[in-house]
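Hi,

Here is the structure I promised to pass on to you. Have a look at it first, and my notes follow below.

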Amino acid sequence: MTHQRPADSRTVKVEGLARVEGEGSLRVEVRDGTVELVELEIFEPPRFFEAFLQGRRHTEAPDITARICGICPVAYQTSACLAIEDACKVAITDQIAMLRRLLYCGEWIQSHALHIHFLHAPDFFGCEDAVELAGLDLAAVQRGLEIKKVGNLVMEVVGGRAIHPVNVRVGGFYKAPSREEIAALVEPLRRARDAALASVEWVAGFDFPDIEIDYRFVSLRHPEYYAIESGRIASSDGLDLDAEGISELVEEQHVARSNALHARLGGQDMYLTGPLSRYALNSGQLSPIAREAATAAGLGAVCNNPFRSIIVRAVELVYSCDEALRLVEAYEPPDPPAVAVPGTAGIGYGASEAPRGLLFHRYELDGDGLIRAARIVPPTSQNQLCIEDDLRRVAQANLSLPDEELGWLCEQAVRNFDPCISCATHFLDVSVERL
Amino acid sequence: MTQRVLVAGLGNEYRSDDGAGPAVAAYVGDRTPSTVESKVIGEPLDLVGAWEDADLAVVVDATRSGAAAGTVQLVDLGGGENADSYSGPMSTHGMDLARVLRLTRAMGHAPSRVVVVGIEGENFADGIGLSPAVEVAVPEAGELVLQVIDEAISCA
């Protein structure tokens, strides 16, 4: 929709960026051929949850925070469990940790399958949405759905249900799935892995804008595995922090236009979390089949093109299927399924890799195990400055495009990040103003 | 032949009146036999896997149509042949219901019949609890859903 303004200014509005999970708006201002202002306004719910958690029992944190996001509840549950366990100085067993990792793989599978096939791929075909894409490539859309269903199945078997799993508790799980229940995942996961390999090949054939950005990558790093549910925080400029370290180092600033906080790390403005960062810092830890898929898709050790994040996400999709298979085949039911975590006074920190990036929590407990303070830093607020910076670059490099096309490209630049802005009521209005 | 019936409560109970759909799903779930599947769906796209090939899918969602808070509306989409007409403000969610229905149709697994029951909300801010007018409308919407199911089953 285009609104003509009098004289020398013009506003273009692209209504409803529906394929971003969230609510917000994007404004680009251009003056005399220069992009002067890029603002991504977002409205995200963690602030409400931080207040709401105060006075709640320490055992409630995973269930409450899981409701922040309909797409990545396991990420919120896991970071919450890690932080509460840290505050109470309790260590979980290896078997519980591996079951937690398996559940997390399920979330990666369903979230990545959703983003790749339904939200991001339509951009590369000039399609409005996955419905239009289905008219052009039904097999690809069906494949995405089949993969997503396997992710849901893993979450159902391990987490009790596919959306907002109910089997997770501080210290582990309420009930460990039986060997038979877990073994039944083998065939679906093999099919999903094969399908994911086909998806890597599919997305590698897309046309990508030629853009390279020298990101400051930040992600978890684990000594043994491609980091998902635990690890220390690493960066491309040499940071090595635990969850407490990053929580202390990240400053969040309120900006007037948004109720989301802008994160800055160690006094520097921008850093990137998410698939590109995980891949840049950990690609050597991918399983052989995922590494081969990455190589065949033309990825080097690092990918600096945000539009090619869809390939990295597809490689991670292969990996999460492959890793889930490994965990399923090695499965030993944890007995007991959870370790006891008595509430004690303390401060705890937890960080994990949500599909769209690093998510860390901090909790302060009193002597009764009641939460006195909570801090939740989601990936999208950490990435917000990078998103705006990418938008500035993309808009500046493409000012010759008509407003509608420029708006469309800006939408794509936002979707590259798979932002999860909130879990309900979604809008993102895009406007480009030429002053 | 047993009919496959799904009741999907769409929404998020941490966004105030957006919790209307889940509240109605719970109301219906307590009053229907186990053959009727009643579940909460957070994201409309998750309907794709949930309602595939169902004989009847009743979707309950909060609406923002401009009606008075608590107004209960029923829209029978049939097999979704005219789902395009329903894109717009009916759903509070990004990939709206009509799109998801069209997607399922494109993949050849659409439910035979989709009925949408909407409850008009007035507050979608972060928070728990329905507005009084919406709270009052939950049993009304629930009974309407039960009636739709009864009629469908008795006609089968």
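Let me begin with a pair of helices in chain B: H1(B) (residues 20-29) and H4(B) (residues 132-155) pack with their axes 9 Å apart, at an angle of about 55°. Angles from 65 to 115 degrees would count as roughly perpendicular and those under 35 as roughly parallel, so H1(B) is oblique to H4(B). Their crossing is right-handed. On the H1(B) side, the contact is made by Ala20(B), Ala23(B), Val24(B), Tyr27(B) and Val28(B), while H4(B) contributes residues including Val134(B), Pro139(B), Glu143(B) and Leu146(B). Sorted by class, this contact has 12 nonpolar residues, one polar and one charged. Please keep in mind that the model is predicted.

H1(B) also belongs to a right-handed β-α-β unit, together with S1(B) and S2(B). The two strands, residues 5-10 and 36-41, pair in the parallel sense over six bridges. Within that pairing, Ala8(B) stands opposite Lys39(B).

Now to chain A. There, three strands form an open sheet in the order S12-S13-S14, with antiparallel pairing. S12(A) (346-354) and S14(A) (371-377) stand at the edges with a single partner strand each, so one side of each has no neighbour in the sheet. From one strand to the next, the twist averages 15°. S13(A) (residues 357-365) and S14(A) are joined over six bridges, and Leu365(A) stands opposite Ile371(A). Helix H3(A) (residues 73-87) packs on this sheet and touches S12, S13 and S14 of chain A; its direction makes about 150° with that of S12(A).

Enjoy exploring it!

Key:
Residues numbered from 1 in each chain as written. Chains lettered and ligands numbered in written order. Predicted model: local features only at pLDDT ≥ 70, side-chain atom pairs only at ≥ 80, totals over all residues. Heavy atoms only, no water. Pairing = 2+ DSSP bridges. Helix = DSSP H or I, 4+ residues; strand = E, 2+ residues; numbered from the N terminus. Right-handed = clockwise from strand over helix to strand, strands pointing away. Axes fitted to C-alpha atoms, helices over the stretch in contact; angles between N-to-C directions. Parallel < 35°, antiparallel > 145°, perpendicular 65-115°, else oblique. Left-handed = near helix turned anticlockwise from the far one by under 90°. Contact = heavy atoms within 4.5 Å. Nonpolar A, V, L, I, M, F, W, Y, C, P; charged D, E, K, R; others polar.
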